[in-house]
Amino acid sequence: MREPLRVLIADDELLARKRLSRLLAALPDVSVCGEAVDGDSVLAAVRAGGVDVVLLDIHMPGLSGLDAMALLPEGGPHVIFCTAHAEHAVNAFEHGAVDYVLKPVEAARLQKALERARTRLPARVKPSSVTPPGVTSGEKPAFARLPIPTRQGLVLVSPDAISHASLEDELVTVFTAQGDFLTDFTLNELADKLPQEHFHRVHRRALLNLSHVTRLEPLETGGYLARTARGHSVEVSRQSARELRRMLGLRKGAEDEG
């Protein structure tokens, strides 16, 4: 039997809270741990503990749902937005929302969103002595898909399809098997969202997925020029080259001495 998913309902409209409460009561392995009517009460409930998932409205008195989400503590509960406003979806996913459910909320759609949140719980919220594969203790879990907003809409990219990301003229480009996409994410934000066992900050202007590297060419600086399977070149700094050599079990170079 699965442990109950502890859900906080956050909406300033009484009817909306009642509807969500009724839908949740009909779902197995789900319990309502509280209700909140504004962003401040959401934060207070989360600080008190015992919340796995927040069903969060966008427009509330005071702090908006997006504002409240941005203030949630590191490793806090997952957020599923339940709102009548479809236009905020891109921003919500950029902030790390698990799902975005439009009102009127239907039981099947809500259950699907909650199951999606549940799959992420072992690495983030649910206390456990077992660490999921690929996630070290205390590490934030990576997104199953990385949402990249573009002019054509929101592109969902599997981390495995990303070869690297680079910063040029204050703009970050993510290079993938689906194409190359400009993003508002910083390199630090991308590094935080992507699997750390594959993605490494190899330069102040580059993030590299080592599983896409086919060749490392030494540079006079002591670094490398990494060649990807798609033919791109990514500069690896001298310090990062040392770390790569240690990871790959290579013999130390002269530049590693001292």
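Which residue in β12 is the bridge partner of S166? The points below take this up along with the rest of the model.

1. This is a predicted model, in which local features need pLDDT of at least 70 and side-chain atom pairs count only at pLDDT 80 or more, while totals for chains, interfaces and linings use all residues. Residues are numbered from 1 along each chain as its sequence is written, and side-chain values use heavy atoms, with hydrogens and water left out.

2. The chain has eight helices and 15 strands (DSSP runs numbered from the N terminus; helices are H or I of at least four residues, strands E of at least two). Of its 258 residues, 44% count as buried (under 20% relative accessible area; exposed is over 50%, partly exposed in between; 1.4 Å probe, protein chains only).

3. The partner of S166 is A206. Strands β8 (residues 162-168) and β12 (residues 206-209) pair in the antiparallel sense over three bridges; pairing requires at least two DSSP bridges between two strands.

4. These strands belong to an open, antiparallel sheet of five, ordered β10-β9-β8-β12-β11.

5. D169 is exposed at 69% relative accessibility, and E170 is exposed at 76% relative accessible area.

6. The K103 to P104 peptide bond is cis, with omega near -5°. P104 sits in the loop between β5 (99-102) and α5 (107-118).
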